[in-house]
Amino acid sequence: MQHETTQQDGFVVVSLSGEVDLSAAPEVRRLILEQVTAGAATLVKLAGVTYIDSSGIACLVEGHQAAKRKGSRFGLLQISEPVLSVLALARLDKVFALYNAVPGPAGG
Amino acid sequence: MTQPLLLDLRFKADPAWLGTVRERVRATAMGLVHDARWVADVVLAVNEACVNVIQHAYQGNATGEIVLRMKQAGVFLEIALLDFAPPVAIEEIQPRALEDIRPGGLGTHFIRTLMDRCEYANLAGGTGNLLRMQKRLCAPPTSTLAGNTGN
């Protein structure tokens with residue numbers, strides 16, 4: 001799993017690529033919660049994710065819930081087909097805010 | 001007549017092994033059914049079964065061992081996953097309600113949804129657990145995992 005964190009239009013964009021499984025989950029969880037608990041509007045970009053399992057999905061759910069508690073924005077950006085398939089299997093595809101592009105300025 | 005094993009893999013209950021396990025399962029499944037969706041279902045189900053063993057049976061003890069066997073059994077692909085951890089309470093292996101949105105608890109739901117049959121057993125002798133799963137060969141697609149190819 002590879003990752004990169006950038007800023008765009010008031011959002012922190014955490015970009016993940018490769019395989020997001022149990023071995024990658026602690027790092028993914030840390031990357032996401034670091035931003036969300038700091039109150040940053042956070043998008044997790046998943047365009048380059050070729051495989052995700054329930055451990056990876058759990059990191060996204062945890063980020064979603066932490067952002068909700070914090071009152072900050074959280075969403076998934078450019079979801080790859082593999083991720084969308086697993087989200088649908090977990091019936092979570094309607095739970096997350098999904099974006100094809102970075103939305104309007106956060107906090108605006 | 002007993003069918004020959006298509007895969008017989010022994011590995012540590014270490015998350016670092018999962019990528020290799022998926023690769024081997026993918027190659028074996030692809031040899032039976034050349035359908036990306038069917039193969040992706042099998043790969044995810046086996047991955048989730050391994051994750052459950054690592055997290056719940058061995059409780060993170062990466063020195064434990066897992067044995068994975070795959071064979072064709074009539075019109076089914078049969079997968080057996082053995083561990084040598086203390087017996088787990090089989091009645092407690094239940095998927096969580098999907099409307100209860102929280103991290104974790106999805107693996108069992110994935111396995112039961114993606115496979116046609118699955119059954120758990122404690123091994124005789126007081127140590128170890130067995131998960132036997134079957135998926136019908138050439139079954140109509142049951143999920144949308146076509147793209148979850150990895151690697």
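Q: What stands opposite Arg69(B) in S3(B)?
A: Ala80(B) stands opposite Arg69(B) there. A word on the ground rules: this is a predicted model, where local features need pLDDT of at least 70 and side-chain atom pairs count only at pLDDT 80 or more, while totals for chains, interfaces and linings use all residues. Residues are numbered from 1 along each chain as its sequence is written, with chains lettered from A and ligands numbered from 1 in the order in which they are written.

Q: How do you know that S2(B) and strand S3 (residues 76-83) of chain B pair?
A: Strands here are DSSP runs of E with at least two residues, helices are runs of H or I with at least four, and both are numbered from the N terminus. Two strands pair if DSSP finds at least two bridges between them. Eight bridges join S2(B) to S3(B), and the two run antiparallel, so by that definition they pair.

Q: What makes the turn between S2(B) and S3(B) a hairpin, and what is the phi of Gly74(B)?
A: S2(B) and S3(B) form the hairpin with two residues between them, and Gly74(B) in the turn has a positive phi of about 65°.

Q: How do helix H2 (residues 36-57) and helix H3 (residues 107-114) of chain B cross?
A: Their axes come within 9 Å and cross at roughly 145°. The contact of H2(B) with H3(B) has seven nonpolar, three polar and two charged residues. For those classes, Ala, Val, Leu, Ile, Met, Phe, Trp, Tyr, Cys and Pro count as nonpolar, Asp, Glu, Lys and Arg as charged, and the others, Gly among them, as polar.

Q: What makes chain A as compact as a globular protein of its length?
A: Chain A has three helices and five strands. Its radius of gyration is 12 Å, close to the 13 Å of the globule rule for 108 residues, so chain A is as compact as a globular protein of that length. The radius is taken over C-alpha atoms, and the rule is 2.2 Å times the number of residues to the power 0.38.

Q: Why do S1 and S5 of chain A count as edges?
A: In the open sheet S1-S2-S3-S4-S5 (chain A), whose pairing is mixed, strand S1 (2-8) and strand S5 (98-99) each have a single partner strand, so one side of each is left without a neighbour in the sheet. Seven bridges join S1(A) to strand S2 (residues 11-20) of chain A, antiparallel, and Gln8(A) has Phe11(A) as its bridge partner.

Q: Why is Ile32(A) called buried?
A: A residue is buried if 20 or more other C-beta atoms lie within 10 Å of its own, exposed if 12 or fewer, and partly exposed in between, with C-beta atoms placed from the backbone. Ile32(A), in helix H1 (residues 25-37) of chain A, has 25 C-beta neighbours inside 10 Å and therefore counts as buried. Of the 108 residues of chain A, 46% count as buried.

Q: Which residues is Ile32(A) in contact with, leaving aside its neighbours within four places in sequence?
A: They are Val14(A), Thr42(A), Val44(A), Cys59(A) and Gly63(A); contact means C-beta atoms, placed from the backbone, within 7 Å.

Q: How many residues of chain A are in contact with chain B?
A: 23 residues of chain A are in contact with 27 residues of chain B. On the chain A side they divide into 11 nonpolar, six polar and six charged.

Key: Two residues are in contact if their C-beta atoms, placed from the backbone, lie within 7 Å. Axes are lines fitted to C-alpha atoms, for helices over the stretch in contact, and angles run from 0 to 180 degrees between N-to-C directions.
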